[in-house]
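Hi everyone, thanks for coming.

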Amino acid sequence: MKKLILPDAIQAKGDDFIFGVATSSFQIEGARELRLDCIWDTFCTQQGTISDHSNGDVACDHHSRWEQDLQMLLELGVDAYRFSIAWPRVIDIDGALNETGIRFYEHILNFLKQHNKQAFITLYHWDLPQHLENGGGWLSRETADAFADYVALVVQRLGDKADAYITLNEPFCSGYLGYEVGVHAPGQKSPKAGRQANHVLLLAHGLAMQKIRQYAPSVPAGIVLNIHPSYPDSASSADQKAAQMASDYLFHWYLTPILTGSYPDLLEDLPDDIQPEIATGDMAIISEKIDFLGLNYYTRAVYRSTNCGWFEEVERNDYPKTEMGWEITPHAFTDLLIGLHQRYDLPPIYITENGAAMDDRLESGRVVDAQRIDYFQTHLNALAQAMDAGVDIRGYFAWSLMDNFEWALGYSKRFGIVYVDYDTQERILKDSALAYRDMLYSRQLYR
Ligand code: FCB
């Protein structure tokens, strides 16, 4: 079996660098009957949305198997678990805390505490309650207020049982993919809606930060963003400008306001009819200081300019690809981290997701996913290189603990380091899980 070798720069950090695994509620929990409907339940019922026509009704049945799943996590020897709370499970339709729902997460937190594992809680990983979508969803500022109310109730209850609170996971996916291009729930397709949803999501993040500060002042809080390092298709100045615009419009649209209090300059060039509605005071709320930035990294993106001076993504085949069709580009990961470090005054960074969907085969009780091990190794090396260049990175979470519902691609793509047999719900540690475990155990020996 292939091994994973811990890079020196990470080893040298000792306890100041944590390793974990990540999941999210809708992708693993199931037990839909025990919560309100969310936008992904609805999206899954619509024609042409999910490639294998599946849904999250059962998923990995984690809601009933959580204890077994956390035992597995202990076996891996990770320091931390990043998971999300399902808003529609913990808040009733009248806005009150749902006792049964919140207790589910309390059990998880108690288990983690008891075993000395850190809990990184994501408060929103895309499962917006459907009744809020009916009232305007992320286009309406009322949803930002509802999010802050939900966060206040949860944080008052869970307080410092969490080791870190994350407001939103990848607002790019909720705002841009969900409202602008429509490949994610709720499936709207309008630039105006996309820009507006992004703004309301950022506002929700800021309002939630204030609540976390109020009710759990000692717990570090931040947000998780995905940023594809953007490259021009050619050396032409038009393509270079296109890559720059894409990067600002798609990715820095979130980070720049959070860290600097204003949108990228590109905002001014957008036509009036797609401008978001920004109220006085919004930008101050959005730029509430964060304690850390979570980054999810999978691949790079390449752009070229269009005739009308905009950008479009180009599919390139310069590097091997994962099952998602994503190029495997660890050097771009280093570029991204160093680039961000040069451009901003960054808080400490956690890599909150990194991983790959591969063509996994379960044969004689084993999954030999050597390519996934390579992916982890090259990306850990890339991360270490950025650390050597001075980027302050405090942790790394593999996506994902186990195979799960991969959004619009249903169960057809497997990102887990643990294989899930969806017929029997059996879990089988893939070779990558064993390699991750061995790397973490050998790290312990040197401490
Ligand atoms: C990220 C999501 C996560 C998972 C991975 C593959 O964008 O945060 O839920 O789907 O991609």
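This is a predicted model: local features need pLDDT of at least 70, side-chain atom pairs count only at pLDDT 80 or more; totals for chains, interfaces and linings use all residues.

Okay, here it is. The side chains of Arg372 and Asp360 are joined by a polar contact of 3.0 Å. Arg372 has another such partner, Asp369, with a polar contact of 2.7 Å between the two side chains. You can find Arg372 in helix α15, which covers residues 370-388. Is Arg372 buried or exposed? Its relative accessibility is 0%, so Arg372 counts as buried. Setting aside residues up to four places away in sequence, Arg372 touches a list of residues that includes Ala356, Met358, Arg414, Phe415 and Lys430.

Now let's turn to the barrel. Eight strands form a closed barrel, and if you follow them around, you pass β1-β2-β3-β4-β5-β7-β10-β13, with parallel pairing. From one strand to the next, the twist averages 25°.

Let's pick out a few strands. Strand β3, residues 118-122, pairs with strand β4, residues 164-169, in the parallel sense over three bridges. Within that pair, Phe120 has Ala164 of β4 as its bridge partner.

Next comes β7, residues 292-297. How many of the six residues of β7 are buried? Six of the six are, so this strand is largely enclosed by the rest of the structure. Phe292, Gly294 and Asn296 point one way from β7, while Leu293, Leu295 and Tyr297 point the other way. And who are its neighbours? Strand β5, residues 221-226, pairs with β7 in the parallel sense over five bridges, and there Ile223 stands opposite Leu293. β7 is also joined by five bridges to β10, residues 349-354, and these two run parallel. Here the bridge partner of Asn296 is Glu353 in β10.

Keep Asn296 and Glu353 in mind, please, as we move to the ligand. Both belong to the residues around the ligand, and among the others are Gln27, His125, Asn169, Glu170, Trp399, Glu406 and Trp407. For the side chain of Glu353, the distance from a ligand oxygen to an N or O atom is 3.0 Å, and for that of Glu406 it is 2.7 Å. On its own, the ligand has 290 Å² of accessible area, and the protein covers 95% of it.

As background, most residues other than glycine have a negative phi, and most peptide bonds are trans. Trp407, though, has a positive phi near 50°. Trp407 is found in the loop between β13 and β14, and it is buried, with a relative accessible area of 4%. Then there is Trp399: the peptide bond from Trp399 to Ser400 is cis, with omega near 10°. Ser400 is found in the loop between β13 and β14.

Elsewhere, a cis peptide bond joins Ala185 and Pro186, with omega of about 5°. Pro186 is found in the loop between α9 and α10.

One last stop: the other sheet I want to show you. Three strands form an open sheet in the order β6-β8-β9, and here the pairing is mixed. β6 and β8 run parallel and are joined by three bridges, with Tyr231 standing opposite Val302 in β8. Helix α11, residues 237-260, packs on this sheet and touches β6, β8 and β9.

Notes: Residues are numbered from 1 along each chain as its sequence is written. Side-chain values use heavy atoms; hydrogens and water are left out. Two strands pair if DSSP finds at least two bridges between them. Helices (H or I, at least four residues) and strands (E, at least two) are DSSP runs, numbered from the N terminus. Contact means heavy atoms within 4.5 Å. Axes are lines fitted to C-alpha atoms, for helices over the stretch in contact, and angles run from 0 to 180 degrees between N-to-C directions. A residue is near a molecule or strand if one of its heavy atoms lies within 4 Å of it. A polar contact is a pair of N or O atoms within 3.5 Å; within protein, one must be able to donate a hydrogen and the other to accept it, and residues adjacent in sequence count only if both atoms are side-chain atoms. Accessible areas come from the Shrake-Rupley method with a 1.4 Å probe; for residues, only the protein chains shown count as cover. Buried means under 20% relative accessible area, exposed over 50%, partly exposed in between (1.4 Å probe, protein chains only).
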